[in-house]
Amino acid sequence: MFNDNEMKLIAMIEKARGYVKGEVELDCIDGEWYARDYREDLGGAIPIEAELYRKPLITDDEADNKGVDIIKCCEMCGIYYVG
């Protein structure tokens, strides 16, 4: 079961699939979670060019305050995460 805030994160992750050429990956940088385009041919995760994904999807503080289990959301979407 997912709360509304987790469903919003899941929707953002799923939407990111339309902007990547590889696989969607979530990377945590200084407590901020970014969607990345994982491209093995380019040696790893690169930023997604779409404006929507240039900022973090969520921060650790937001996740704590909104009851979002980031790892559970990543697993639901079947994506790799680094955090």
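**View 1. The salt bridge between Glu14 and Arg17.** In this predicted model, Glu14 and Arg17 are joined by a salt bridge whose closest N and O atoms lie 2.9 Å apart.

**View 2. The aromatic pair of Tyr19 and Tyr53.** The structure holds 1 aromatic pair. Its members are Tyr19 and Tyr53, whose ring centres are 5.5 Å apart and whose planes meet at 55°, so the pair is classed as tilted; an angle over 60 degrees would have been needed for an edge-to-face arrangement, and one under 30 degrees for a stacked arrangement. Tyr19 lies in the loop between helix H1 (4-16) and strand S1 (23-29), while Tyr53 lies in the loop between strand S3 (44-47) and strand S4 (58-59), so the pair ties together parts that are 34 residues apart in sequence. The two residues fall into separate accessibility classes, since Tyr19 is partly exposed, with a relative accessible area of 41%, whereas Tyr53, at 1% relative accessibility, counts as buried.

**View 3. A lysine placed over the ring of Phe2.** Lys72 lies over the face of Phe2, at 4.7 Å from the ring centre.

**View 4. The hairpin of S1 and S2, with Asp30 in its turn.** Strands S1 and S2 (residues 32-39) run antiparallel and are joined by 7 bridges, one of the paired positions being Glu25, whose bridge partner in S2 is Arg36. The two strands form a hairpin with 2 residues between them, and Asp30 is found in the loop that separates S1 from S2. The phi angle of Asp30 is near 50°, a positive value in a residue other than glycine. Most residues other than glycine have a negative phi.

**View 5. The parallel pairing of S1 with S5.** Besides its antiparallel pairing with S2, S1 is joined by 3 bridges to strand S5 (residues 80-82), and these two strands run parallel. Within this pairing, Leu26 has Tyr81 of S5 as its bridge partner.

View 6. When residues up to four places away in sequence are not counted, Arg39 touches Lys21, Gly22, Gly44 and Ile46. For one of these neighbours, Lys21, which is 18 residues from Arg39 along the chain, the separation of the two C-alpha atoms is 7.4 Å.

**View 7. The whole chain as the setting for the close-up views.** The secondary structure of the protein chain comes to 3 helices and 5 strands, and from the N terminus on these elements run in the order α-β-β-β-β-α-α-β. The radius of gyration is 12 Å, close to the 12 Å that the globule rule gives for 83 residues, so the chain is as compact as a globular protein of that length. Taken along the principal axes, the box filled by the C-alpha atoms is roughly 35 × 25 × 20 Å. Buried residues make up 37% of the 83 residues. Among the contacts between residues at least 6 apart in sequence, 54% join residues at least 24 apart.

Note on methods:
Residues are numbered from 1 along each chain as its sequence is written. This is a predicted model: local features need pLDDT of at least 70, side-chain atom pairs count only at pLDDT 80 or more; totals for chains, interfaces and linings use all residues. Side-chain values use heavy atoms; hydrogens and water are left out. Rings of Phe, Tyr and Trp (its six-membered ring) pair if their centres lie within 6.5 Å; planes under 30 degrees apart count as stacked, over 60 as edge-to-face and the rest as tilted. Helices (H or I, at least four residues) and strands (E, at least two) are DSSP runs, numbered from the N terminus. Buried means under 20% relative accessible area, exposed over 50%, partly exposed in between (1.4 Å probe, protein chains only). A charge sits over a ring if NZ of Lys or CZ of Arg is within 6 Å of the ring centre and within 35 degrees of the ring normal. Two strands pair if DSSP finds at least two bridges between them. Contact means heavy atoms within 4.5 Å. A salt bridge is a side-chain nitrogen of Lys or Arg within 4 Å of a carboxyl oxygen of Asp or Glu. The radius of gyration is taken over C-alpha atoms; the globule rule is 2.2 Å times the number of residues to the power 0.38.
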